[in-house]
Amino acid sequence: MTDSPLVLVANAGDGTVSTFRLDGGRLERLAVSEGLTGCSTFAVDVARDLVYAGVKGEPAGILTLSIDRESGRLAPQSRLDLPDGGMNYLALTHDGAGLLGASYGGGYGISCEIADGVVGEPVSKIEFPNLHSVLPSEDGRFAYFVSLGADLVAQYALADDHQLVPLTPETVAAPAGSGPRHLVLNDAQDAVYVLTEFSGEVLHYGRDSATGELTLRGAATAYDTAKGLGHSVFGADPLAHHYIWGADLHFGAGGTRLWASERTESTLGAVAVAEDGSVSAPERFTVTETQPRGFAISPDGVHLVAAGERSTTVSLYAVQDDELELLEQVETGNGANWVRFV
């Protein structure tokens, strides 16, 4: 058994998940697991070697899969049907006992309890247009859902049974027409950062760790302003109009950089995070896989793996502050859009 980390990549176009081993600055593809129709999100319980994957179909659902760390194979264990629409984002509570989901097409979010790897029926359901992501706080006491369609972040307390209890107020506004999409919490848990799809900004929300409440503090651009991209609008084709098309957001090591992807120009850039939590625009950008919807950074912050929706390869980079050095590209599959280290 090796201690080298694994990397999972969802290939929505093929309905597969590729498993890679990262060893010595190289990616080795170990396995390609099939039967995950339209998979574009999954959450990993590292302690239990379980993967919870959102799949499409009639009905859509959430599959629980076990992962064999030696072979890289994913084996189905159980399934929860979702007749109201599939998930675009899944996130686990820190103890692995709760699963949160956001459905873009269905316009709803859920919280579920997990017992022995089996995802139970939702114990709570909320509704906002085009929910795109959700994350719990590290202590499992709060949860935040991002609504692209309503330009807001919805904030909840998580009860012991994982019921969602609205805070007061239940929602916090994002700038009108910005299209908030993905969010992250910092290590100190006193800030939430949201990447917007239409305006290409990282929004900085201060967070009261006792009450869970958010307050918008500031913002910074996260796309290459030298490329002449226009502000996007809901329903527009960003490629046809050369509009901003923000996608994914992740912290680098140390919490001083927030890496963000933009799909029209296929770039990755690192937003600087100051000691007071404020953000400033990237100084440089790296052109990466075509249409980079998803990427991930290794837990030690040394490597970044990026996938492209219009590419069949993933790129492995060495990370040095706000710069990326391409190490290699490796075949994965069609429509790659979600990446996680295991």
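Me: Why is isoleucine 244 called buried?

Reply: In this predicted model, isoleucine 244 has a relative accessible area of 2%. Buried means under 20%, so isoleucine 244 counts as buried. Isoleucine 244 lies in the loop between helix 1 (238–241) and strand 21. Leaving aside neighbours within four places in sequence, its contacts include Glu197, Phe198, Tyr223, Leu229, Pro238 and Thr264.

Me: How far apart in space are isoleucine 244 and threonine 93?

Reply: Their C-alpha atoms are 32 Å apart, and 151 residues separate isoleucine 244 from threonine 93 in sequence.

Me: What makes isoleucine 297 count as buried?

Reply: Its relative accessibility is 14%. The limit for buried is under 20%, and therefore isoleucine 297 counts as buried. The residue belongs to strand 26 (residues 294–297). Beyond its neighbours within four places in sequence, isoleucine 297 is in contact with His250, Phe251, Gly252, Trp259, His303, Leu304 and Phe341. Tyrosine 317 is 20 residues away from isoleucine 297 in sequence and 9.4 Å away in space, C-alpha to C-alpha.

Me: Which residues touch the most other members of the largest nonpolar core?

Reply: They are Leu8, Leu36, Phe42, Phe145, Leu164, Val194 and Tyr205, in a core of 48 residues. Strand 15 (residues 152–158) gives the largest share of this core, six residues. A separate core has 15 residues, including Met87, Leu99, Ile110 and Cys112. In soluble globular proteins, nonpolar side chains tend to be buried together.

Me: What is phenylalanine 42 in contact with, leaving aside its neighbours within four places in sequence?

Reply: Phenylalanine 42 is in contact with Leu8, Val9, Ala10, Val51, Tyr52, Ala53, Leu90, Trp338 and Arg340.

Me: How do you know that cysteine 39 is in no disulfide?

Reply: The nearest cysteine sulfur, that of cysteine 112, is 16 Å away. A disulfide requires sulfur atoms within 2.5 Å, so cysteine 39 is in no disulfide.

Me: What lines the largest pocket?

Reply: Its lining has 41 residues, of which Leu135, Glu138, Leu185, His250 and Arg340 lie nearest the centre. The volume of this pocket is about 1,400 Å³. Strands that each supply at least two lining residues include strand 4 (41–45), strand 13 (131–136), strand 21 (246–251) and strand 30 (336–341). By class, the lining has 22 nonpolar, 12 polar and seven charged residues.

Me: Which residues are closest to the centre of the second largest pocket?

Reply: Tyr104, Arg181, Glu197, Trp245 and Arg263 are the closest, out of 17 lining residues. The pocket has a volume of about 260 Å³. Its lining has nine nonpolar, four polar and four charged residues.

Me: Why is aspartate 116 called exposed?

Reply: Its relative accessible area is 82%. Exposed means over 50%, so aspartate 116 counts as exposed. Aspartate 116 is in the loop between strand 10 (108–115) and strand 11 (118–119). This residue has a positive phi of about 55° although it is not a glycine.

Me: Is glutamine 189 buried or exposed?

Reply: Glutamine 189 has a relative accessible area of 14%. Buried means under 20%, so glutamine 189 is buried. The phi of glutamine 189, which is not a glycine, is positive at about 65°. Most residues other than glycine have a negative phi, and most peptide bonds are trans.

Me: What kind of peptide bond joins glutamate 58 and proline 59?

Reply: The bond is cis, with omega about 0°. Proline 59 is in the loop between strand 5 (50–55) and strand 6 (60–67). A cis peptide bond also joins threonine 168 and proline 169, with omega about 0°; proline 169 is in strand 16 (residues 164–173).

Methods: Residues are numbered from 1 along each chain as its sequence is written. This is a predicted model: local features need pLDDT of at least 70, side-chain atom pairs count only at pLDDT 80 or more; totals for chains, interfaces and linings use all residues. Side-chain values use heavy atoms; hydrogens and water are left out. A nonpolar core is a set of buried Ala, Val, Leu, Ile, Met, Phe, Trp, Tyr and Cys residues joined through side-chain atoms within 4.5 Å. Buried means under 20% relative accessible area, exposed over 50%, partly exposed in between (1.4 Å probe, protein chains only). Helices (H or I, at least four residues) and strands (E, at least two) are DSSP runs, numbered from the N terminus. Contact means heavy atoms within 4.5 Å. On a 1 Å grid over the protein atoms alone, a cavity is a set of points where a 1.4 Å probe fits but cannot get out, and a pocket is an open set with protein on both sides within 12 Å along at least five of seven lines; lining residues have an atom within 4 Å of a point. Grid points are joined across faces, edges and corners, and a volume is the space filled by probe spheres set on the points. Ala, Val, Leu, Ile, Met, Phe, Trp, Tyr, Cys and Pro count as nonpolar, Asp, Glu, Lys and Arg as charged, and the others, Gly among them, as polar.
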